[in-house]
Amino acid sequence: MTQGEIAGTLHGTLRRLRESDQAVRRGGSLNVAQGADFWSPAHNHVMYDEGCPWHADGNCSTVDYPSAGAGGVYALALQFQESVESILEMYGGPREEWKDTFGEQRSEGDLATVTYKTVTYNPERAKLLKSSKPVHFVLGGFDGSLFKGYTLVLDVLKKEMNSILQKVHFELRMMYGLYVALLLFGFYAVLFRPTIAGSYWHTERARNFVQMLPTHTLAFAEVQLLKDHFVISQDDL
């Protein structure tokens with residue numbers, strides 16, 4: 001990659017970082033309706049409150065910017081973004097040559113033009129990594145306070161998400177249980193109970209019909225057999 005491509009890619013990455021940060025915190029973009037600032041006190045504590053809970057020893061100072069670590073992750077993120085902008089202004093070259101080509105598929109011919117046969121160590125550039133405060137701060141952000149702070153914010157958001165999913169799962173189970181209960185009640189009220197009532201009604205009609213038979217023409221044993229089969233006795237009640 002050329003200097004312009006590196007600078008353009010870094011500038012594009014910084015823009016996407018700001019867009020993602022804005023969407024997570026405030027919402028209204030990237031398919032995020034409401035940001036975590038409006039509903040997550042735990043997120044706001046890590047992001048904005050004084051202190052640095054991502055450090056076990058409670059030391060919030062950084063080597064290059066001692067005051068940046070005392071205002072939460074948000075202060076560190078702003079300082080990180082300003083440092084990247086300073087690096088682009090100082091070492092990015094002409095802005096018209098910036099090209100955000102990172103991730104684009106290259107042809108074999110393009111790759112052949114950027115192939116390096118030798119790599120030469122430049123002591124002056126190596127000293128720059130330590131002497132330049134913005135460069136040192138940006139490089140240290142990937143394993144220092146900023147990375148640990150964002151990791152803690154990510155853990156907080158994951159816990160919030162798991163809590164929301166558990167509530168949704170519980171509510172879905174409640175809705176399913178209510179649906180099953182209503183289904184059983186409907187089956188009992190609409191099908192089972194009317195069917196039993198209808199069977200009693202038809203049985204009663206059959207008994208009345210049998211009782212109206214001219215049993216005086218039958219023998220006593222035959223009459224008793226009909227009564228035992230169709231007439232309800234007190235023992236059956």
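**Helix α6 and its packing partners**

The axes of α3 and α6 come within 9 Å and cross at roughly 130° (axes are lines fitted to C-alpha atoms, for helices over the stretch in contact, with angles from 0 to 180 degrees between N-to-C directions). This is a predicted model: local features need pLDDT of at least 70, side-chain atom pairs count only at pLDDT 80 or more, and totals for chains, interfaces and linings use all residues. Residues are numbered from 1 along each chain as its sequence is written, and side-chain values use heavy atoms, without hydrogens and water.

**α3 with α6**
- Contact (heavy atoms within 4.5 Å) involves Phe-80, Val-84 and Ile-87 among the α3 residues, and Pro-134, Val-135, Phe-137 and Val-138 of α6.
- By class, this contact has 10 nonpolar, 3 polar and no charged residues.

**Buried face of α6**
- Helix α6 spans residues 133–140, with Pro-134, Val-135, Phe-137 and Val-138 buried (under 20% relative accessible area, 1.4 Å probe, protein chains only).
- Down the axis of α6, the buried residues fall within an arc of 165°, so they line one face of the helix.
- Their cover includes α3 (72–91) and α5 (123–131).

**α5 with α6**
- The axes of α5 and α6 come within 6 Å and cross at roughly 75°.
- That makes α5 roughly perpendicular to α6.
- Leu-128, Leu-129, Lys-130 and Ser-131 of α5 meet Lys-133, Val-135, His-136 and Leu-139 of α6.
- The α5 contact with α6 has 4 nonpolar, 2 polar and 2 charged residues.

Note on methods
Buried means under 20% relative accessible area, exposed over 50%, partly exposed in between (1.4 Å probe, protein chains only). Helices (H or I, at least four residues) and strands (E, at least two) are DSSP runs, numbered from the N terminus. The arc is that of the directions from the helix axis to the C-beta atoms. Angles under 35 degrees count as roughly parallel, over 145 as roughly antiparallel, 65 to 115 as roughly perpendicular and the rest as oblique. Ala, Val, Leu, Ile, Met, Phe, Trp, Tyr, Cys and Pro count as nonpolar, Asp, Glu, Lys and Arg as charged, and the others, Gly among them, as polar.
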